Amino acid sequence: MFDRLVGNERAKETLRRMLRQGRVPGALLFAGDEGLGKQLFALELARALNCRARRGVEACGVCPSCKRTGKFESPPAERDEYKKVLWSEHRDVGRVLPFNRNILVDAVRDLERECNFRPAEGEARVFLVEDAESLNDAASNALLKTLEEATPTTHLILITSRPAALLPTIRSRCQTVRFAPLAVEELESYLVKNRKRAGEEARLAAHLAAGRPGVALGLNLDTYRARREAMLGVVEALAAGDDRVRLLRAAEELGDAKNKDEYEPRLDALELLIRDLWLLALRGSDAPLVNYDLRDRLARLAVSLRPGRPALWLARVEELRTHLNVNVNRRSATDALFLSMALD
Ligand SMILES: [Zn+2]
């Protein structure tokens with residue numbers, strides 16, 4: 001049942017209508033940010049198509065067919081394994097995954113072969129093409145052929161957070177279903193009701209995830225708080241304006257190659273803090289903050305800043321991000337960032 005999934009009521013209605021009319025397209029494109037449940041929706045659609053004890057047009061969720069659908073082994077380690085369709089325990093439901101951000105053309109050829117077969121045990125064959133933005137030109141062209149020749153019992157579901165990165169010829173052959181984040185309050189109450197997180201933890205997770213359930217579930221809040229504390233130290237040093245040594249030490253720590261994996265998450269945390277300061281300056285003390293649990297501390301900081309500073313800082317962080325994409329040296333870029341923020 002689609003109701004087992006949280007949010008995206010419009011996508012649910014679209015999929016239910018397709019099932020009711022018996023017109024589930026041969027090619028679907030599920031588009032929307034990471035963490036919105038696109039893969040879960042795709043598998044729920046696959047269950048509905050093959051369920052042995054449907055409730056209306058939807059999957060029962062408990063028959064052997066439903067149970068096996070979507071049970072995949074964890075992604076393989078070897079490149080060669082990515083050259084073919086990876087099957088779930090249901091013999092009509094498989095997926096294609098990218099290896100090193102590339103969907104291999106051999107995998108699409110295997111998919112093309114499999115698309116020609118009749119269902120082995122159910123009524124429909126369903127294939128998920130995950131991270132479909134990872135189709136290069138060769139793989140895209142192979143897939144186009146498959147999309148043109150698919151049999152009526154085969155359904156391809158392309159899943160992507162970057163639909164614009166797909167070839168227009170691919171997009172135009174798929175019916176697009178769009179996924180959107182939930183309202184933060186809706187996500188918070190989902191987390192509490194399903195005992196995923198309690199009280200304040202649920203609230204902070206929902207805020208940080210900006211309404212994306214998959215992100216909220218995967219967050220480590222202790223890690224986030226530690227990052228945030230480090231970055232708040234930077235903002236406080238910037239606000240005080242007289243602590244260049246502290247700033248350079250912070251830049252050194254952030255830019256240190258040892259902490260490579262921490263770099264972007266910390267930059268994210270810094271940006272969220274500055275955004276909150278900007279909102280406080282703009283809208284006063286009842287501005288809707290992501291770091292709402294630090295409201296008093298941030299409000300004190302906000303009044304100590306020259307007007308316009310947070311906006312300039314946000315632009316600096318964005319500028320740094322663009323430079324990072326072209327492989328600039330992190331250490332010196334971070335030094336430059338903090339020193340120029342100090343002068344803003
Ligand atoms: Zn079932």
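Modeller: Leaving out residues up to four places away in sequence, Leu 305 touches Ala 239, Leu 277, Pro 310 and Trp 313. Keep in mind that this is a predicted model, where local features need pLDDT of at least 70 and side-chain atom pairs count only at pLDDT 80 or more, while totals for chains, interfaces and linings use all residues. Residues are numbered from 1 along each chain as its sequence is written, and side-chain values use heavy atoms, with hydrogens and water left out.

Colleague: Where is Leu 305, and why does Leu 305 count as buried or exposed?

Modeller: Leu 305 sits in the loop between H13 and H14; helices are DSSP runs of H or I with at least four residues, strands are E runs of at least two, and both are numbered from the N terminus. Buried means under 20% relative accessible area, exposed over 50%, and partly exposed in between, with a 1.4 Å probe and protein chains only. Leu 305 comes out at 9% relative accessibility, so Leu 305 is buried.

Colleague: What makes a set of residues a nonpolar core, and how many residues has the largest one?

Modeller: A set qualifies if its members are buried Ala, Val, Leu, Ile, Met, Phe, Trp, Tyr and Cys residues joined through side-chain atoms within 4.5 Å. The largest has 54 residues, and those with the most contacts inside it include Leu 187, Leu 267 and Phe 338. Helices supplying at least two residues each include H7 (184-193), H10 (221-240), H12 (260-283) and H13 (295-304). Another core of 31 residues lies apart from it, with Phe 2, Leu 28, Leu 36 and Cys 66 among them. As a general point, nonpolar side chains in soluble globular proteins tend to be buried together.

Colleague: Why is H10 called oblique to H12?

Modeller: Axes are lines fitted to C-alpha atoms, for helices over the stretch in contact, and angles run from 0 to 180 degrees between N-to-C directions. Under 35 degrees counts as roughly parallel, over 145 as roughly antiparallel, 65 to 115 as roughly perpendicular, and the rest as oblique. The axes of H10 and H12 come within 9 Å and cross at roughly 60 degrees. That makes H10 oblique to H12.

Colleague: And how do you know whether H12 and H13 are parallel or perpendicular?

Modeller: The same way: H12 and H13 pack at about 70 degrees, with axes 9 Å apart, and they are therefore roughly perpendicular to each other. Leu 273, Asp 276, Leu 277 and Leu 280 in H12 meet Arg 295, Leu 298, Ala 299, Leu 301 and Ala 302 in H13.

Colleague: What about H4 and H5?

Modeller: H4 (residues 105-115) and H5 (residues 137-149) pack at about 10 degrees, with axes 8 Å apart. H4 is therefore roughly parallel to H5.

Colleague: Where is Leu 273, and how do you know whether Leu 273 is buried or exposed?

Modeller: Leu 273 is in helix H12, and its relative accessible area of 0% makes Leu 273 buried. Apart from residues up to four places away in sequence, Leu 273 touches Arg 228, Met 231, Leu 232, Asn 291, Leu 294 and Leu 298.

Colleague: Which label does Asp 131 get, buried, exposed or partly exposed, and what is its phi?

Modeller: Asp 131 has 30% relative accessible area, so Asp 131 is partly exposed. Its phi is positive, about 50 degrees, although Asp 131 is not a glycine. Most residues other than glycine have a negative phi. Asp 131 lies in the loop between strand E4 (125-129) and H5.

Colleague: And Asn 8, buried or exposed?

Modeller: Asn 8 counts as buried, at 11% relative accessibility. Asn 8 has a positive phi near 50 degrees and lies in the segment before helix H1 (9-20).

Terms used. Contact means heavy atoms within 4.5 Å.
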